[in-house]
Amino acid sequence: MTGQTTVRHTAPPDVRRDRPTAVPERTGAPVAEGEARLVTGEPGCGRSRFLDRAARAFTAGPVVYVRADPDSATVPHAGLRALLRLSAEPRAHRPAVPPPDGLDGLDGPSADAALRSALRAACADGPLLVCVDDAHLWDPASRAALGRLGRDPRAAGAVSLLLTAPGHRPVDPEFAGIPPLRLDPLTAAASAALLDEESGGSVDRGVRDDLVAEAEGNPALLLALLRSLTPAQLRGRAPLPRPPADAEILTGLVGGCLSALTAEEDQVLLTAAAAVREAEDDSAAVAPVRRALARLAGGAPAARLDPPPELLVLGDGRLRFRSALVRRALYARAGERERRAAHRALAAQEAGLPGLLHRAWAVPADATTVADGAAAALATGLAAAAADPAVPASPRLRCAALARAADLTGDGRDRARHRLAAAQQALLAGQPHRALRLLDAVRAGAPGSELRGRAELLRGAALLRDGPVDEARATLLLAKSLLAAHAPAAALAATLGAADAAWAAGDVPGCLEALAEGRGEQGRDGLSGTPAGPGADTPAGTGADAPAGPGAGAAGPAASLPSGDDVLREHRRGMLALLERRFEAAVRSLRRVVDGAAPGDRVETLLRAAAAALLMGDLVGARGAATAALVAARTQGEAAALGPALEYLAYTELRAGRHGLARTHAEEGLRAAHRAGQRNTAAHHHAAQALAASIDGDADAVARHVRHAQEISLRHGLAQAATLAEWALARVDLGEGRPAEAADRLGPLVRPGPGRGHFAVWMLAVPCFVEAAARAGRGGSAGPVVEEFAEWARFGADPQAPAQLLRCRALLAPPDRADGLYESALALHETAGGDFERARTEFLYGQWLRRRRRLREARDRLGAALVGFERCGARAWAAQARAELRANGTSAGGARAGDLSALTPQQLRIVHHVAGGATNREIAQALTVSTRTVDYHLRKVFAALGVRSRVELARLVEQTEKTPAHP
């Protein structure tokens, strides 16, 4: 162990080089000034494209870009010569620097000195970025010099270093100690965008989804698959080859790393690849593989399990491949006979469902159950074991077993049942594309309307996660009609799913109609369901800072999961009563849902409890249920539930005013949603991050997440996520002191009319709108919505709403009433909790007091507001509080305005340089720091002094120097 931390970034698309491509968004530069990174990843992950884009994005100074020449790998110092030659090229206002000659006779220290001297000269024009692609192909002497530079790049001046090397092989000893930056696979959305870019959007949507699933996030494989298809196949008019990624494509991408294997190594690697084929973590136990190899060798001692270490890693009794692409190539290039032999040997060593599945994969491809009774018996046993909840197995393994059982089954109805069950497990495993392909097969050959109806029910559940919600609604209504006569419980589940889709689209009448149709009691003999996700359970507003729950579709295929209790009926009754404004009845039903859940329950039960708790403002109950759901999802391998559980947690913490924690949950949830192919869930995680970032004052992050949320919302009809995103933008305007802009943005969302925001969100934005309108001098326009908000506050589900209501009335009240309303609002905040909302009331009250020259009272209120904003990380609001304190005659720390004594010595030096008119780069050069360091300190100075511009800062310094210090 080196103790190093691997920094991860998603690999950029490897697009054609005949047209420019925008640099992808990132949370920061891939390498800071004076640092080095070793960019790694499996074959085809886009290392070269990453380097190209990093070079194009670097604008602080010159860039030296070197591609390794494999033909010079044995020539001493060949790589170093190439780097020195490029670094010595003339640039503007600087003559060429002759590169040093005679490197062959130099030892390590001398070569290092020559390299550092040349790079230091190249830094004369500003910071230098050095990019070396395929650095592992350099000659040993050059690699050694480059590695020493990477461990201490500051020795060469303002140099940043990016190297690339394959990630499916051990790190070269020369590069040990350079922090790695590993490129993760592309997300499904990024893969789809790459295909659209390369094809001009001409690929059929179903074909595109097939290719994205087959490529597993590898851009090179994705493009190779694209180029391997005919125009008819790309347009969906001809079937795709099976499998799309054949052995030739896969082995062509991994290069020559498989060409030098011995027969013994090949057998070891093939057996290992067979062992991890459907493993949840792409690893397998060493002991069964070792015994299987001994069996293949006729009882001889097992072959060693450490063939080329660039391919296979052993540790803690398990083995795994460094590269999923290499593993797939190894398995694909082997003949069917060899693959079956490996599975047969593993079947003799594995017990339970894995052993049965290996036996099934060992069956010849041309075996038919009509003629082969053994295959039929195997299929029956395999399906029974996969369906048995007592058998320990992940949803992914159960899906593989059921799908293979279907392949070995001759009877059409049994085959359809197996595929239907496999699709359900695929949804739980977070593999919606696999589920949809299995459902396609069921739809094509399912005998009878019940199986077809159940297939449509699952398809609708998948679309609620990742697809247009109007299509999901139509699919679920079709399922209802097919199931009504045969399976009332499943028909009710379809009805509820249709209501979820209507909810996501903001269709209140459609939601009410669906819920009313589902009033009949639910049976226990079929598939049942819950709302598609947390947001599918959100009434017209549930809190101060966030909706009661995430968007529709987030909870995954809950509408297809078996349930044997009454929780679903109570949840439906509560939702229907809530939408019909029968609030007491709604609370009774929802409370039963919350009280009926306990740790250890099924994931969907816990998610329903979290949703119900949020509807009632029970943040403790929501946090507990969502956390239990998250633990259960991880324990049971239900990847589809991770995103929704984290979504509940994010919204719970937003309502509690803990925005940093909410942002953390949403970031993790977004990754889970991407892995599970849940774009609708991802849209809500983007919205949650935008809401959290709007409190933090991170306007760039808000804009980025809003754009992603709106892109998905527009394509899939997610009115709720779109409204949340728009609200986040308005909060940025309000937090940065632009109330008129905030009022313009919020007005259409909260006022009655066709442009009003989603019915589950618009009420949440009312306090922000009233504040923006009042501060912009437009308070008269806010009166009607305040009265609507008062009705919501009387419901009692949101502990913050009563205090917010009084704050809104205070903002609109005449001076003789506002004072008492603010005091009453603060008294209610004492019992409601929530630092952010209380701080907002303190701030507005303090602002009101200051403008009436009640300066001592104003100082107390504004100081309390500042503490509250800082406690919950609301940096933009904290800056406003400091500005108000300064206008009140005090600084944030209680000192007189203009007092610079609280600044650090470094900050004071920077302030005086700014006062003298220096730019950030000039300050950085004078203080021998990076421009990013200067920028960081300036942001801290602006916040501490409450200034908003360099001119204002310079004026403050001038006034301070002319005024004697206050005793």
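Student: In which sense do strand 7 and strand 9 (residues 318-321) pair?
Tutor: Strands are DSSP runs of E with at least two residues, helices are runs of H or I with at least four, and both are numbered from the N terminus. Two strands pair if DSSP finds at least two bridges between them. Strand 7 and strand 9 are joined by three bridges, and the sense is antiparallel.

Student: What kind of model is this?
Tutor: Residues are numbered from 1 along each chain as its sequence is written, and side-chain values use heavy atoms, with hydrogens and water left out. Local features need pLDDT of at least 70, side-chain atom pairs count only at pLDDT 80 or more, and totals for chains, interfaces and linings use all residues, for the model is predicted.

Student: Which strands stand at the edges of the open sheet of three strands?
Tutor: The order in this sheet is 7-9-8, with antiparallel pairing.

Student: Is A294 buried or exposed?
Tutor: A294 is found in helix 11 (residues 286-296). Buried means under 20% relative accessible area, exposed over 50%, and partly exposed in between (1.4 Å probe, protein chains only). At 18% relative accessibility, A294 is therefore buried.

Student: Which residues cover each face of strand 2 (residues 36-40)?
Tutor: In a regular strand the side chains alternate between the two faces of the sheet. Five of the five residues of strand 2 are buried. One side has A36, L38 and T40, and the other has R37 and V39.

Student: Which residue of strand 6 (residues 180-184) stands opposite V39?
Tutor: Strand 2 pairs in the parallel sense with strand 5 (residues 159-164) over four bridges, and A36 stands opposite L161 there. Strand 2 also pairs in the parallel sense with strand 6, over three bridges. In strand 6, the residue opposite V39 is L181.

Student: How are helix 23 and helix 25 oriented to each other?
Tutor: Helix 23 (residues 567-579) and helix 25 (residues 603-615) pack at about 25°, with axes 11 Å apart. Angles under 35 degrees count as roughly parallel, over 145 as roughly antiparallel, 65 to 115 as roughly perpendicular and the rest as oblique. So helix 23 and helix 25 are roughly parallel.

Student: How many nonpolar residues are in the contact of helix 23 with helix 25?
Tutor: V567, L568, H571, M575 and L578 of helix 23 meet R608, A611, A612 and L615 of helix 25. Ala, Val, Leu, Ile, Met, Phe, Trp, Tyr, Cys and Pro count as nonpolar, Asp, Glu, Lys and Arg as charged, and the others, Gly among them, as polar. One residue is polar, one is charged, and the nonpolar count is seven.

Student: Why do helix 29 and helix 30 count as roughly antiparallel?
Tutor: Helix 29 (residues 679-696) and helix 30 (residues 699-716) have axes 8 Å apart. Their angle makes them roughly antiparallel. That angle is about 150°.

Student: How many residues of helix 33 (residues 766-775) are buried?
Tutor: Among the buried residues are F769 and E771. They pack against several helices, including helix 31 (719-735) and helix 39 (875-887). Helix 33 has ten residues and is largely enclosed by the rest of the structure, since the buried count is eight.

Student: Which residues does A915 touch, not counting those up to four places away in sequence?
Tutor: A915 lies in helix 40 (residues 905-915). With a relative accessible area of 34%, A915 is partly exposed. A915 touches A954 and V957.

Technical notes. Axes fitted to C-alpha atoms, helices over the stretch in contact; angles between N-to-C directions. Contact = heavy atoms within 4.5 Å.
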